[in-house]
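Subject: Structure handover, salt bridges

Hello,

Here is the structure for your files. My notes on its salt bridges follow below.

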Amino acid sequence: MATQAEHSSTNRRDFLFVATGAVGAVGAAAVVWPLINQLNPDASTLALASIEFDVGAIPEGQSVTITWRGLPVFVRHRTAAEIEEAKAVPLSDLKDPATDEERTKPGHEQWLIMIANCTHLGCIPVGESGDFDGWFCPCHGSHYDTAGRVRRGPAPKNLVVPPYEFVSDTLVQIG
Ligand code: FES
């Protein structure tokens, strides 16, 4: 039969265990909540999850920069020469191999749509410049070709093509 001393020692241990468990649970909840909160887009973000943009007003050889989900996005109306130049590049010449077809939509190859952040450290490259007739990032000297593929400099990847589709001949939905 347990003595009074043994009882109180057991009870104290139980209490300590419960107290530690409770602190652990509170600590875990405090860590998890901000993460969950960050993963929940607020209403304004949801509203901008996809946008529609009419490319019809962009003349051949011109680009515009629009904003999608807070990111700048290049929309370029490529010339026939730019498309030919991009298609003529062997994949073996590319640091981040991708065909021109993989970066555009069938029947809409003249439209090149890409997130306008250099894949090195995120600067916005300058259009119609650089050694490959595409974009040049003056921050650290990355050159992109007429399909937005990195050809020289520290950028590790091609300019990113966001998810998009043409909902009519000139209306594009991004996102
Ligand atoms: S951010 Fe473009 S080259 Fe460094």
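Which residue forms a salt bridge with Glu128? Arg76 does, with the closest N and O atoms 3.5 Å apart. A salt bridge here is a side-chain nitrogen of Lys or Arg within 4 Å of a carboxyl oxygen of Asp or Glu.

Some ground rules. This is a predicted model: local features need pLDDT of at least 70, side-chain atom pairs count only at pLDDT 80 or more, and totals for chains, interfaces and linings use all residues. Residues are numbered from 1 along each chain as its sequence is written, and side-chain values use heavy atoms, with hydrogens and water left out.

Back to the first pair. Glu128 sits in the loop between β5 (126-127) and β6 (133-137), and Arg76 in strand β3 (residues 71-77), so the bridge ties together parts 52 residues apart in sequence. Strands are DSSP runs (E, at least two residues) and helices likewise (H or I, at least four), numbered from the N terminus. Glu128 is exposed at 54% relative accessibility; Arg76 is buried at 4%. Cut-offs: buried is under 20% relative accessible area, exposed over 50%, partly exposed in between (1.4 Å probe, protein chains only).

Next, Asp100 and Arg78. Their side chains form a salt bridge at 2.8 Å, N to O. Asp100 is in the loop between α3 (80-87) and β4 (111-115) and Arg78 in the loop between β3 and α3, so this pair links parts 22 residues apart in sequence. Asp100 is buried at 2%. Arg78 is buried too, at 1%. Shared partners join Arg78, Lys87, Asp100 and Glu101 into one salt-bridge network.

Arg151 and Asp145 also pair, at 3.1 Å, N to O. Asp145 is buried at 3%.

The whole structure holds 8 salt bridges.

Best wishes
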